[in-house]
Amino acid sequence: ADMSSVDIQTHAGVVKETKILKALLNLEEVGKDVYRGVTQRTPWGRVFGGQVVSQALMAAGRTMPKGVLAHSLHCYFVRPGDINMPVVYTVERVRDGRSYSVRRVEAKQGDRLLVMMMVSFQKSQDGITHQSRMPLVASPKESMRLARAEEERARKKGKNNHLIKLTKKPPPVQMILAPPKGRGVRAEPKRWTSEGPESRGRRSSFWTRATDGGLGEDPFMHQCAAAYLSDYGLVDTILKSHGISRERRIVRSASLDHAIYFHAGGFINANEWILYDIRSPRAGGGRGLGVGRMFTEDGRHFATIVQEGAIRTRPLKKNNQ
């Protein structure tokens, strides 16, 4: 487990926390169907969208019988959140049926609405089944070996490689780019960067997992952790299609909405490696679409994610080129 700590904004002040996801998902009940969540302080100064998605899902789940899991959620990001304030989640019990239950969640800081979410829960059922095949990529162990080799090669050349930024994500997330099986970084070096015309494949594949081990055995807790992880990589893949990255000054981007479909199956452990395979089928009109699939390491397709992002580009001034 990664014992690195991050700053968490609570109602009483800022504290250091090592079990980050556990702290984020441990919502405080402050009224009937009203919950308050702590905020992870991010380097970019805004609340991370994955935090609000995961906490809103957890708030909805707190109004459900234990053991009933979400099968889908749909949310709109209305405003950016302030990292210096906790977030309050108000849940409306829209419907409780024999098989399905629906909840509506509003995430607010004071009077400012940040996110609106609809969540549908389903009691476990049997039925027909099929799934897409997991892409043939290097294993997490092999991907890590290749990542370290590429990092060392970039260090010797004095280059600031995008791969290094991916492998050094702050806790509670670990990410490693997953190259096609049988291909090393030297065979396809541009795949490991987010810039350059050779990387315009409109696709990203990486292994990811939650690094803190405090999630326990509750399947719904791991479902919420997967929701947190799902907000990484989608807008980046849209930008990669055009050979640009968020680090460059010519682009401003923000998530507009987010949907997750949780597919039927066994227990999902967010502390174990998850393959996140993302494609961008369309961009235009100042918007771009990212579609992701999440697989367990043994090939089970357990979630599909769709997100649209606002993409604004502008030319660089000469002194910034």
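**Walking through the model**

The accessible surface of the protein chain comes to about 16,400 Å², with 49% of that belonging to carbon and sulfur atoms. Accessible areas here come from the Shrake-Rupley method with a 1.4 Å probe, and for residues only the protein chains shown count as cover.

Before going further, the conventions. This is a predicted model, where local features need pLDDT of at least 70 and side-chain atom pairs count only at pLDDT 80 or more, while totals for chains, interfaces and linings use all residues. Residues are numbered from 1 along each chain as its sequence is written, and side-chain values use heavy atoms, with hydrogens and water left out.

On confidence: pLDDT is the predictor's score for each residue, from 0 to 100. The chain averages 84, and 82% of the residues score at least 70. The stretch to watch is residues 185-200, where pLDDT stays under 50. The model still has 43 contacts for that stretch beyond four places in sequence, a contact meaning heavy atoms within 4.5 Å. Where pLDDT is low, the predicted coordinates should not be read in detail.

Now the overall picture. There are 6 helices and 15 strands in the protein chain; these are DSSP runs numbered from the N terminus, helices being H or I with at least four residues and strands E with at least two. Of the 321 residues, 50% are buried. Buried means under 20% relative accessible area, exposed means over 50%, and partly exposed is in between, with a 1.4 Å probe and protein chains only. Among contacts with a separation of 6 or more, 71% are between residues 24 or more positions apart.

Helix 2, residues 49-61, reaches 18 Å from its first C-alpha to its last, close to the 18 Å expected for its 13 residues at 1.5 Å a residue. The expected span is 1.5 Å times one less than the number of residues. Helix 2 is mostly covered, with 13 of its 13 residues buried.

Helix 3, residues 140-157, has its end C-alpha atoms 25 Å apart, which agrees with the 26 Å its 18 residues should span. Which of its residues are buried? They are P140, S143, M144, L146, A147, E150 and A154. These cover an arc of only 165 degrees around the axis, so they sit on the same side of helix 3; the arc is that of the directions from the helix axis to the C-beta atoms. On the other side, K141, R148, R155 and K156 are exposed. In general, an α-helix has 3.6 residues a turn, so residues three or four places apart point the same way. Just after helix 3, G158 takes a positive phi of about 70 degrees.

Another positive phi, near 60 degrees, belongs to D33, which is not a glycine. D33 is in the loop between strand 3 (28-31) and strand 4 (34-37), and at 9% relative accessible area it is buried.

In strand 8, residues 100-109, we find E106. Not counting residues up to four places away in sequence, E106 touches V88, Y89, T90, L113 and V115. The C-alpha atoms of E106 and V88 are separated by 8.1 Å.

Last, cysteines. How many disulfides does a search of the whole structure find? It finds 0, taking a disulfide as a pair of cysteine sulfur atoms within 2.5 Å. C75 is buried at 2% relative accessibility, and C224 is buried at 0%.
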